[in-house]
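Here are some notes to go with your first look at this structure.

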Amino acid sequence: MIASDRIKKLDEFFKAFSIISEGNYVYLCDIKEDYSRWSKSAVDYFNLPDVYMYGAGSVWEDHIHPDDREKYHESIERIFSGADEGHEMQYRAMANDGCYVDCTCRGVVLRDNNGNPEYFAGAIKNHGSMSYIDTITGLRNLYGFFDDVKAVSKNKERNEYAVLMLGITSFSNINDVHGYTFGNSVLRKFSRMIQKSFPDKEVYRMDGTKFCIIVDDMTQEQITDLYDELHTKAYNEFHVDGQRVPLAINAGLIAVDDFDISAETIFSCLKYAYSESKNHCLGALNVFENKLSNDNTNIFEKINTIRTSVMRGCKGFYLCYQPIMYADTEKIKGVEALIRWKNDKYGIVPPLQFIPVLEQDSLFPLLGRWILRQAMNDCKFFLEQYPDFLISVNISYTQLERSDFVSDIFAILDETGFPANNLCLEITERCRLLDMKMLKHKFAMLKERGIKLALDDFGTGFSSIGVLRELPIDVVKIDREFVKNIENSPVDRKTIMFVSSLSEAFSTEICVEGVENIEMRDLLRKYKVSTFQGYFYSKPVSVEEIAKLEQLDKCVL
Ligand code: C2E
Ligand code: CA
Ligand code: CA
């Protein structure tokens with residue numbers, strides 16, 4: 001009989017894991033108990049006994065083509081004995097109709113603290129059943145794109161290649177105004193327009209309104225020129241059913257010269273470049289700069305390594321904490337959790353070097369949950385002595401838009417036993433880009449449980465009073481940008497005054513970030529500010545150092 005906590009753990013891992021393996025069958029095996037959970041779709045498709053199975057390795061072996069069984073058997077034995085870290089193999093497996101389909105199976109071993117194999121997690125891709133064609137446009141789809149990028153990357157003879165992602169902004173408006181059928185015609189027509197602009201190139205339809213092109217025979221300038229032309233044409237000359245539909249398009253570009261970088265990393269960097277084009281470049285082509293970072297290392301390589309760490313149980317990540325102080329008493333109110341990553345090669349890597357790209361990645365929810373769990377576990381013990389201690393955790397807008405965001409947070413609160421009242425989620429004004437109705441609904445559920453909400457980086461980039469008006473925000477955090485020159489800038493002082501009166505109107509507290517010295521503190525105390533955060537009090541430090549600090553009224557290190 002397996003202990004229920006191991007089954008619970010297996011289920012949780014399985015859930016996390018199935019998110020990142022969209023389109024594939026997933027299996028997760030508790031090696032110690034030889035007890036596995038498989039995707040329901042695999043159980044149905046291959047006629048397996050159940051989603052939970054003992055000895056799934058041999059059950060599965062019976063489904064594998066006799067000619068492929070030996071190599072499979074050998075590999076599974078090596079995995080269970082701890083000799084291998086995982087496998088990637090092709091075999092044929094028998095479906096419920098008695099026919100064999102080609103499968104690619106990829107699995108990794110997770111080890112316990114003693115280095116013994118504990119879990120074996122993997123995904124099976126069924127080439128027989130997977131469609132590579134998008135039904136609306138007839139183009140190759142996301143799966144086709146990934147396969148082709150991998151094929152290009154394997155061909156090491158080739159020189160550098162580039163991947164372009166382009167897409168339509170505010171497409172939902174088109175659907176809302178004209179209906180879905182018209183929307184589909186727009187997508188079809190736009191895909192032809194792209195093909196015309198990039199003749200002889202394979203165009204891929206990705207998720208939603210995004211398209212990709214792999215280019216290996218053009219310079220960046222040539223691609224930019226073609227895109228600029230398309231950008232103008234899409235706006236001025238796009239017609240469907242005799243109606244002019246001005247399309248606003250955006251594009252991101254990435255040049256790949258390192259062939260050891262995974263297709264998934266390339267895709268996340270590309271999505272980041274694309275989102276920057278949309279948010280900051282007014283639709284101009286935005287190139288992901290794979291320049292050497294200040295430590296002389298290749299950014300792709302670094303992100304690829306960090307991404308792999310997420311897959312390996314968030315290895316190398318840790319949280320620092322920065323105190324948040326009451327402005328009047330200068331006692332500690334709580335802390336903000338700030339993530340770091342380190343390894344031997346790169347040392348300590350700050351979040352701005354990986355969060356903006358990783359938050360575009362399908363793996364990010366794994367890291368997001370790790371951060372929440374870690375922060376709650378790290379800080380639980382403060383609550384015994386300081387029952388009002390508040391821990392603030394940064395939440396990316398890509399976490400917020402996931403349908404399981406709220407249930408994940410509740411599950412982590414239950415699991416860690418951390419009281420919801422002591423948790424504050426910091427969201428940025430970027431959430432304005434998401435559907436307000438969906439956000440309101442989620443925030444109402446979070447508030448009902450007692451969780452607090454802070455609006456981070458107020459005043460930068462996406463300023464919107466609408467966010468304050470629409471959402472139940474408890475704290476507005478004024479960005480450091482407005483504070484760093486406050487002593488010399490009357491405009492910045494006026495801004496702080498304006499935001500503090502605005503917050504009063506919306507009954508929210510104000511937290512000022514980036515308080516670096518006593519002069520800033522004294523100046524800021526003239527405004528209606530509730531809390532301060534900044535190097536004047538403390539830099540982000542380890543939880544142990546916070547434990548020492550919080551004995552003090554004022555925590556200057
Ligand atoms: P943020 O949420 O605005 O965090 C505050 C940043 O300002 C932190 O940088 C902090 O170290 C820095 N800071 C605080 N006080 C001062 C000061 O007095 N002077 C100066 N010069 N800087 C100060 P950090 O840790 O590098 O984090 C940067 C950003 O990365 C964060 O900005 C946040 O947007 C993101 N980030 C950090 N941790 C996480 C996380 O766990 N999840 C997510 N989604 N994003 C995170
Ligand atoms: Ca923050
Ligand atoms: Ca901030």
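1. Start with one of the metal sites. The calcium ion (ligand 2) has Glu336 (OE), Asn394 (OD1), Glu426 (OE) and Asp456 (OD) as its coordinating residues, at 2.1 to 2.3 Å. Keep in mind that this is a predicted model. If you want to find the site in the sequence, its donors follow the spacing E-x57-N-x31-E-x29-D along the chain.

2. What do Glu426 and Asp456 tie together? Glu426 sits in strand 18 (residues 423–428) and Asp456 in strand 19 (residues 452–458), so this pair links parts that are 30 residues apart in sequence. Are these two residues buried or exposed? Glu426 has 1% relative accessibility and counts as buried. Asp456 also counts as buried, at 5% relative accessibility. The cut-off for that label is under 20% relative accessible area.

3. Now look at the neighbouring ion in the story. Which residue bridges the calcium ion (ligand 2) and the calcium ion (ligand 3)? That is Asp456, and the two ions lie 4.0 Å apart.

4. Glu513 deserves a point of its own. You'll find Glu513 in the loop between strand 21 (509–512) and helix 19 (518–524), while Asp456 lies in strand 19, so this pair ties together parts that are 57 residues apart in sequence. Glu513 is buried, with a relative accessible area of 11%. Leaving aside neighbours within four places in sequence, the contacts of Glu513 include Glu336, Asp456 and Asp457, and also Lys477, Asp479, Arg480 and Gln533. Phe482 is 31 residues from Glu513 in sequence, and the two are 9.1 Å apart in space, C-alpha to C-alpha.

5. Next, the nonpolar interior. In soluble globular proteins, nonpolar side chains tend to be buried together. Which residues touch the most other members of the largest nonpolar core here? Of its 83 residues, they are Phe317, Tyr321, Leu367, Ile409, Leu425 and Leu446. Helix 12 (residues 364–379) gives the most to this core, with eight residues. There is also a second, separate core of 31 residues, with Leu164, Ile168, Val186 and Ile249 among them.

6. Setting aside its neighbours within four places in sequence, Leu425 is in contact with Leu372, Val393, Ile395, Phe405, Ile409, Leu446, Ile451, Lys452, Leu453 and Ala454.

7. On to a pair of helices. Two packed helices are described by the angle between their axes and the distance between the axes. For helix 5 (residues 142–154) and helix 9 (residues 263–280), the axes come within 9 Å and cross at roughly 115 degrees. The crossing is right-handed. Helix 5 brings Leu142, Phe145, Phe146, Val149 and Lys150 to the contact, and helix 9 brings Ala263, Glu264, Ile266 and Phe267. How do the contact residues divide? Seven are nonpolar, none is polar and two are charged.

8. Asn47 has a phi near 60 degrees, a positive value in a residue other than glycine. Asn47 lies in the loop between helix 2 (40–46) and strand 3 (52–54), and is exposed, with a relative accessible area of 55%. Glu330 also has a positive phi, of about 60 degrees, although it is not a glycine. The loop between strand 14 (317–326) and strand 15 (332–343) holds Glu330, which is buried at a relative accessible area of 7%.

9. Last, take a look at Phe381. Where does Phe381 lie? Its place is in the loop between helix 12 and helix 13 (382–385). With 39% relative accessibility, Phe381 counts as partly exposed. Apart from neighbours within four places in sequence, Phe381 is in contact with Val543 and Ala547. Phe381 and Lys9 are 372 residues apart in sequence, and 24 Å apart in space, C-alpha to C-alpha.

Notes: Residues numbered from 1 in each chain as written. Chains lettered and ligands numbered in written order. Predicted model: local features only at pLDDT ≥ 70, side-chain atom pairs only at ≥ 80, totals over all residues. Heavy atoms only, no water. Axes fitted to C-alpha atoms, helices over the stretch in contact; angles between N-to-C directions. Helix = DSSP H or I, 4+ residues; strand = E, 2+ residues; numbered from the N terminus. Left-handed = near helix turned anticlockwise from the far one by under 90°. Contact = heavy atoms within 4.5 Å. Nonpolar A, V, L, I, M, F, W, Y, C, P; charged D, E, K, R; others polar. Core = buried A, V, L, I, M, F, W, Y, C linked by side-chain atoms within 4.5 Å. Buried < 20%, exposed > 50% of the residue type's maximum accessible area, 1.4 Å probe, protein only. Donors = N, O, S within 2.8 Å, 3.2 Å for Na, K, Ca; no water.
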